[in-house]
Amino acid sequence: MMGYQKPVQYCRFLFYAAAVVCLGQMLSFASAASPISEAERQKKEAEERYEAVNGEAKELEKKKGEAAVQAGQLDQELTDLLTDMDLLETDMSDMTRQIEKEEEEYQKAEEKRKRQYEILKKRIQYIYEEGDVTYLDILLKAKTIGDVINGNEYFQQLYEYDRKLISEYEKTKNDALGRKEVLEERQSELQSLKQEYGVREKTLRNMITKKRAEESDFDRRLRAAKAEAGSQAEIIRKRTEEIRLLQKEEERKREEERRAEEERGAKEQNSGPGRIKSTGGSEFGRNVADYALQFIGNPYVWGGTSLTSGADCSGFVQSVYRHFGVSIPRTSAEQAGFGREIAYEEMEPGDLVCYPGHVAMYIGGGRIVHARSAKAGIRVDDNPAYRTIVSIRRPW
């Protein structure tokens with residue numbers, strides 16, 4: 001029995017010794033691994049701090065970039081707004097001079113009409129008091145055939161005289177009415193220009209008030225924007241003058257073509273409002289322009305978008321394009337920056353001719369259709385450069 005216990009005790013001793021050795025090795029491994037784990041932990045923390053700092057730097061850079069973009073957009077918006085107001089002031093001054101000229105011409109035509117009316121009235125009064133001279137009077141009073149011939153010549157002279165008086169009076173009256181119509185259209189259009197200027201001025205005041213409170217150097221940027229706007233307005237005015245010279249040449253060519261057609265006995269295809277059609281360009285552009293032409297004669301309404309009940313200039317073209325599934329901005333100022341810029345020489349039906357505070361649609365052949373003013377309504381005009389052209393845009 002005693003011989004059996006000794007081996008068991010010996011085995012237990014070996015087991016405990018092995019356990020101690022293993023434990024020592026484990027502790028040795030643990031102590032050896034601790035510096036590596038700590039280094040890795042520190043490295044990981046450093047990487048996390050770097051990523052955080054780098055992220056903050058990128059965010060700051062992003063915000064700085066966004067601020068720069070916003071500042072650039074603000075500068076451009078200010079410049080565009082001030083340019084529009086500069087050009088609107090020019091157009092209003094031009095329109096005022098036109099009104100003064102038309103007023104003067106109308107007064108001259110009206111005075112001439114009154115003088116001719118007095119002459120005609122006296123002639124009618126004479127005929128009434130003296131009795132009209134008829135062929136029967138000539139025949140009854142004639143003693144010879146010579147008297148009849150002389151009387152007939154006298155009657156013919158009276159007839160020609162009276163006919164000439166009436167004809168001249170009608171012509172003068174129509175001239176006076178036409179000049180009055182033009183004068184009223186100019187006055188109505190000036191009112192539209194003043195309305196648009198008021199809108200732009202209010203927008204500018206609100207922007208200045210808001211941005212001056214937000215930015216300390218806004219006044220400096222406002223001065224810079226005004227200087228840039230003056231330069232841009234001058235460039236636009238020069239470009240419009242160049243366009244007008246091109247247009248005069250186009251008008252000369254059209255006049256030559258018209259005379260050639262008259263000599264050939266050709267009938268004018270676009271003589272009536274109901275038969276006006278667009279010419280040239282793409283099929284889509286002609287479809288847009290022809291659709292717009294259906295609404296000639298409908299009323300102009302400030303702020304309106306109805307093609308039948310009334311629309312203003314920008315509401316008119318917006319509603320026309322909406323019919324074709326093309327969405328364009330609401331105001332003329334926004335439309336002047338929408339779509340693709342087109343050179344005057346490349347203008348096609350459907351393109352938008354943008355003026356300060358106004359917009360029209362080109363229909364080809366040197367003509368435009370637009371909601372012109374409260375007096376004129378929606379109509380066609382032969383002069384795309386009748387005002388300063390800011391831009392020509394193709395919305396599709």
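Predicted model: local features only at pLDDT ≥ 70, side-chain atom pairs only at ≥ 80, totals over all residues.

Colleague: Fine. What is the order of the strands in the open sheet?

Modeller: The order is β3-β8-β4-β5-β6-β7. That is 6 strands, with antiparallel pairing. Two strands pair if DSSP finds at least two bridges between them. Strands here are DSSP runs of E with at least two residues; helices are runs of H or I with at least four; both are numbered from the N terminus.

Colleague: Which strands stand at the edges?

Modeller: β3 and β7. Each has a single partner strand, so one side of each has no neighbour in the sheet.

Colleague: How many bridges join β3 to β8?

Modeller: 2 bridges, and the strands run antiparallel. β3 covers residues 340-341. Glu-341 stands opposite Arg-393 in β8.

Colleague: And what joins β4 to β8?

Modeller: 3 bridges, again antiparallel. β4 spans residues 352-355. Cys-354 stands opposite Ser-391 in β8.

Colleague: Which way do the β8 residues point?

Modeller: Ser-391 and Arg-393 point one way, Ile-392 and Arg-394 the other. All are buried, meaning under 20% relative accessible area; exposed is over 50%, and partly exposed lies in between (1.4 Å probe, protein chains only). In a regular strand the side chains alternate between the two faces of the sheet.

Colleague: Next pair. How many bridges join β5 to β6?

Modeller: 3 bridges, running antiparallel. Gly-364 stands opposite Arg-367 in β6.

Colleague: Now the helices. Which strands does α5 lie across?

Modeller: β5, β6 and β7, and α5 runs at about 115° to β5. α6 lies across β4, β5, β6 and β7, at about 50° to β5. Axes are lines fitted to C-alpha atoms, for helices over the stretch in contact, and angles run from 0 to 180 degrees between N-to-C directions.

Colleague: At what angle do α5 and α6 pack?

Modeller: About 125°, with their axes 10 Å apart. α5 is residues 283-293 and α6 is residues 313-322. They are therefore oblique to each other. Under 35 degrees counts as roughly parallel, over 145 as roughly antiparallel, 65 to 115 as roughly perpendicular, and the rest as oblique.

Colleague: Which residues meet there?

Modeller: Phe-284, Val-288, Tyr-291 and Ala-292 in α5 meet Phe-316, Val-320 and Tyr-321 in α6. Contact means heavy atoms within 4.5 Å.

Colleague: What do the buried residues of α5 pack against?

Modeller: α6, β5, β6 and β7. Among those buried residues are Gly-285, Ala-289 and Leu-293.

Colleague: Switching topic. Where does Thr-83 lie?

Modeller: In helix α1, residues 2-130. Thr-83 is buried, with a relative accessible area of 3%. Thr-83 touches Ala-229, Gln-232, Ala-233 and Ile-236, not counting residues up to four places away in sequence.

How values were computed:
Residues numbered from 1 in each chain as written. Heavy atoms only, no water.
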